[in-house]
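This briefing is meant to be read beside the sequence and the three-dimensional view. Please keep both at hand while following the points.

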Amino acid sequence: RFRERFEAETGARILRLAVFGTRARGTWDRDSDFDLLVLVDEASPERRRSASEIAYDAGMDDGVVLSPKVFGAEDWRRRASEPASFAAEVEREAISL
């Protein structure tokens with residue numbers, strides 16, 4: 001539901017959608033959110049804002065908290081190539097959806 005609505009409302013195609021963090025590691029508890037990696041061709045403040053609004057609505061429908069992190073694909077590749085970066089850590093644990 002998140003993917004379809006995000007693509008329809010922003011005109012961006014999601015190149016990759018993945019869950020990371022405690023949910024991906026299996027160390028979550030009942031209060032844990034779902035951290036979502038959202039890779040698009042080009043990220044923008046408007047797309048990040050839309051992702052947050054859509055995630056809020058989708059999460060409310062399902063009784064969970066979704067926390068999307070939107071990145072442009074090229075920027076993400078650059079960040080992930082740095083071994084000690086946030087992006088590299090996410091890549092090690094992410095589960096693609």
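Strand 2, at residues 34-40, is mostly covered, with 6 of its 7 residues buried; buried means under 20% relative accessible area, exposed over 50%, and partly exposed in between (1.4 Å probe, protein chains only). Strands (E, at least two residues) and helices (H or I, at least four residues) are DSSP runs, numbered from the N terminus. The model is predicted: local features need pLDDT of at least 70, side-chain atom pairs count only at pLDDT 80 or more, and totals for chains, interfaces and linings use all residues. Residues are numbered from 1 along each chain as its sequence is written, and side-chain values use heavy atoms, with hydrogens and water left out.

- An open sheet is formed by 4 strands in the order 3-2-1-4, and its pairing is mixed; two strands pair if DSSP finds at least two bridges between them.
- Strand 3 (66-72) and strand 4 (95-96) stand at the edges with a single partner strand each, so one side of each has no neighbour in the sheet.
- In general, the strands of a sheet pair through backbone hydrogen bonds, either parallel or antiparallel.
- Strand 2 and strand 3 run parallel and are joined by 7 bridges; here Asp35 stands opposite Ser67 of strand 3.
- Strand 1 and strand 2 pair in the antiparallel sense over 6 bridges, and Leu17 faces Val38 of strand 2.
- Strand 1 (residues 14-20) is also joined to strand 4, by 2 bridges, and these two run antiparallel.
- Within that pairing, Ala18 has Ser96 of strand 4 as its bridge partner, while Val19 stands opposite Ile95.

- Helix 5 covers residues 86-93, and its residues Ala87, Ala88, Val90 and Glu93 are buried.
- The buried residues of helix 5 pack against strand 1, strand 2 and strand 4, as well as helix 2 (22-25) and helix 4 (73-80).
- Ala94 lies in the loop between helix 5 and strand 4, and it counts as buried at 18% relative accessibility.
- Apart from neighbours within four places in sequence, Ala94 is in contact with Arg16, Ala18, Val19 and Phe20; contact means heavy atoms within 4.5 Å.
- Ala94 and Gly21 are 73 residues apart in sequence, and their C-alpha atoms are 7.6 Å apart in space.
- Ile95 belongs to strand 4 and is partly exposed, with a relative accessible area of 40%.
- With neighbours within four places in sequence left aside, the contacts of Ile95 are Leu17, Ala18, Val19 and Ala24.
- From Ile95 to Leu17 the separation is 78 residues in sequence and 8.6 Å in space, C-alpha to C-alpha.

**The chain as a whole**

- The protein chain has 5 helices and 4 strands, and from the N terminus on these elements run α-β-α-β-α-β-α-α-β.
- The radius of gyration of the protein chain is 13 Å, close to the 13 Å that the globule rule gives for 97 residues, so the chain is as compact as a globular protein of that length. This radius is taken over C-alpha atoms, and the globule rule is 2.2 Å times the number of residues to the power 0.38.
- Along its principal axes, the C-alpha trace of the protein chain spans about 35 × 35 × 20 Å.
- Among the 97 residues of the protein chain, 43% count as buried.
- Of the contacts in the protein chain with a separation of 6 or more, 61% are between residues 24 or more positions apart.

**Surface and charge**

- The accessible surface of the protein chain comes to about 5,900 Å², and 50% of it belongs to carbon and sulfur atoms. Accessible areas come from the Shrake-Rupley method with a 1.4 Å probe; for residues, only the protein chains shown count as cover.
- The protein chain carries 16 positive and 20 negative side chains, and the centres of the two sets lie 2 Å apart. Lys and Arg count as positive and Asp and Glu as negative, while His and the chain ends are not counted. The place of a charge is taken as NZ of Lys, CZ of Arg, CG of Asp or CD of Glu.
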